[in-house]
Each structure stands twice: as structure tokens, then as C-alpha cells.
Amino acid sequence: MALVKPFKAIRPTRDKAAFVASRSYQTYSRRELNSVLSYNPFSFLHIINPGYKFSKNVSGQERYQLVHNRYLEFLEDNTFLKDAQDSFYLYQVQSSYFNCCGLFCSTSVADYQNDVIKKHEATLQRREALFANYLKTVKFNAEPVLMTYADNAEIKEILETEMSGDPEYFFTTTDKVTHQLWAISKKETVQKLQTAFGEIDAFYIADGHHRSASSNLLAEISKRENPDHTGREPYNFFMSYLIPESEIRIFEFNRMVKDLNGLSKEEFLVRLDAVFRIENRGDVLYKPAKKHHFSMYLGGSFYSLHLRKKVYEFTDALSALDTQILFKTVLEPILGIHDLRKDKRIRYGYGKHNAIRMKDEIDKGKFTVGFGLVPLTMEEIKAVADAHLVMPPKSTFIEPKLRSAMAIYEL
């Protein structure tokens, strides 16, 4: 059964929360990043980009130590405060097309190791070690692992009751997303939530496989280095954001490939015909609407590709994924792409307008062919995780994408 724990969060003061909270660092353009760092002294970006203070690019251990120093400055300046009571933190994200409500909490490394927390992506040991070292130095975690659980009426009722009160934070960001946060510290309510979550069989990681793997590695290292290890130390847990399955939004990644692996357009289509029913849709934008249907843009035309099921064998949950089907029928055997993570001939895109962007990139000659897929479902993700299988990279783009530093877990 799943273990969740409240914790004493480090949080921005109410008047500064809207200025502190930031998107993931990688989503900022260089120009946008410089603007925020220049005009918003409260942004969490100052902590994770500490070299800005010295007009210097820093990396490695030097950067990690400076991140820790900037974090201490935010505490010293009372931009951040530490809560006096262990709490859960209810966080709601609302936009014109999306609404979710979940819980910041600490989750157990032991549950991660025992497969109560289930994974569906492979992680890179190099990145695990890098981030574990980062956590060990900076001594905090500001980006939660996004996990889902089966919809639960009791948990929903408790959270809806809490939302009837005034939130700690209530602000709208420039992307027209509204953010609200409530601290749940009443012992009776905390106990009810722990009991209800204790009945949940499993959590499924939706986003944050490297963060959770790195936290697990940090716990193993810290345990070896601590002769008085008890299992209750903060490093035995990591911050997560839990939301019910029904509130996850899953989008697809499209694939674009630079060349046809030495084939002509006609030769490539003949090879495809052995596995797919192909129809030329002309220059009319086409997006697939069913499983095992794909779109393709090649030579100025869209094509529909329908899998010939008699020539493809479904053997397990992984083999039934459209991302795996495309890899095993086209990308690997025909286009010669064997490593989806490292091959520089393939790129990925996401977003509701990505089919148009894919067409534009190919028309400009940056790529030769592109493929569109339908989004995977939560049921498919769970089936792969339950079977201890690993999905191809860039199989899902998942929302919500959370703001950093709404709540911080100290290690």
C-alpha cells in the first residue's frame, strides 16, 4: 500500500508567491530568461541560475554550491519561510482548457524500490548520478514528481472540503493559468488523507522518472554514509504531486526524420506498403483519430497509414503502443534508426499545432518525413508499467506542467 507523508514546506511568502514561482528552466528562451532575471528579483530562476549574480557562467559542483547559497539568501531575506507544521499542500491549476487539483506530499523511496510506485520509462545512470549529486549539495527539492492514482471518492471529498476555504495563494500567471494553493495541517484531516491513500494499491509516475530515480540513488548513498540511519531521515522520501488519473492530460509527440536512409520516395512508399494501407491525402492537413492509424507528411503531401494487423504481432502491452509500432515497423527496419534517444536524424515535437509546425519544418527542407500519432491512454501507460516494460522515449507529453517553488522539500 502507498505511503504518503506531510512535510514542513519551504514556501514563498503570500505576497511574493506569484513572483517566485517559475516554469521549468528548460522552457525559457535565452531572451525570456534574461528578462526575468533582470526585472524580477524574486524569481526562483535566480536560485537555479546563480551565476547571473556574478555575470558568470558556472557549472558542475561550483554551480550546485551557488544554488545552495542563493537558496539560503531567499530564506535570509524572508522571501521563503518554513511552515511550522507538517502539512499536505493542495494545489489547483486552472486554464481555459485544463483543470486539475492535486496534493504535494512526500512519498517513500521504499515504495519506489518495492514497485508500489510504478515506472514506465528507462532512466540514464549518468543523469541519475548527476542529479543525485545536485540534490546532495543543494539540499532541497523544488520540482515534484508527478504521479497519478486511481480516482477515489473519499480523497476527492476531503480535498473538495478543503477547497471551500480561502487559499494561501491565488494568482494568475501571464500564460493565463490560475494557481491556487491550500495548506492542510489539521491533524485529523492529515490522518484521513494518509489512511485513504494507504488504501491505494499503486502510484504511477507520469512525469519525473529521472527525479525519482535520482532521489532513490541519493537515499542509497546517504544510507551508506550515515551510521545512525533509521529510515526516517528526509532523504528517504521525495516530494511528489499526486493527482487522480481522470485529471491527467496526455498528448502525443510527433516524429520528424532528416532523410529516407538512402531510399527514394517511391522506394520508401513501397517498403511501407508491406505493413500499412496507404492513402495519399494531398495537401489537406490530416491527423489520425484511431489507434494504430498514423499520419505521414512527405514530399508536400499528407498520407494516412493504417496498420495491417495480419503482418504485425501483438505480444504484450509494449508491442501494442503506437510509438513502439512505428519504431518496429518504420523507424528501425526502414529508416535505420536504432537508438531513439541518441540518433541525431530524428526529432520530436508536441502541441496542438505541431502537425502544422511539422509540415513547415519539412517544407523548409530541415526534415524529409514526419509522422503523427494519436495520444496514448492512461490505461496503456499503466499496462506497460504493470508489466515492468519500458516505453520508447518521447511517447507522451503530459500535463499538468507544474510551477517550481510553490512548495519546497528540504533534504
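The accessible surface of this predicted protein model comes to about 19,800 Å², by the Shrake-Rupley method with a 1.4 Å probe. Carbon and sulfur atoms hold 49% of that surface. Local features need pLDDT of at least 70, side-chain atom pairs count only at pLDDT 80 or more, and totals for chains, interfaces and linings use all residues. Residues are numbered from 1 along each chain as its sequence is written, and side-chain values use heavy atoms, without hydrogens and water.

**Charges**
- The protein has 56 positive charges (Lys and Arg) and 52 negative ones (Asp and Glu), with His and the chain ends not counted.

**Overall form**
- The protein contains 13 helices and 21 strands, taken as DSSP runs (H or I, at least four residues, for helices; E, at least two, for strands) numbered from the N terminus.
- Along the principal axes, the C-alpha atoms fill a box of roughly 70 × 50 × 45 Å.
- Of the 411 residues, 52% are buried, meaning under 20% relative accessible area (1.4 Å probe, protein chains only).
- Among contacts (heavy atoms within 4.5 Å) with a separation of 6 or more, 77% join residues 24 or more positions apart.

**Helix α9**
- Buried residues of α9 include His209, His210, Asn216 and Leu218.
- The buried residues of α9 pack against several elements, among them α6 (125–138) and β12 (237–244).

How values were computed: Buried means under 20% relative accessible area, exposed over 50%, partly exposed in between (1.4 Å probe, protein chains only). The place of a charge is taken as NZ of Lys, CZ of Arg, CG of Asp or CD of Glu.
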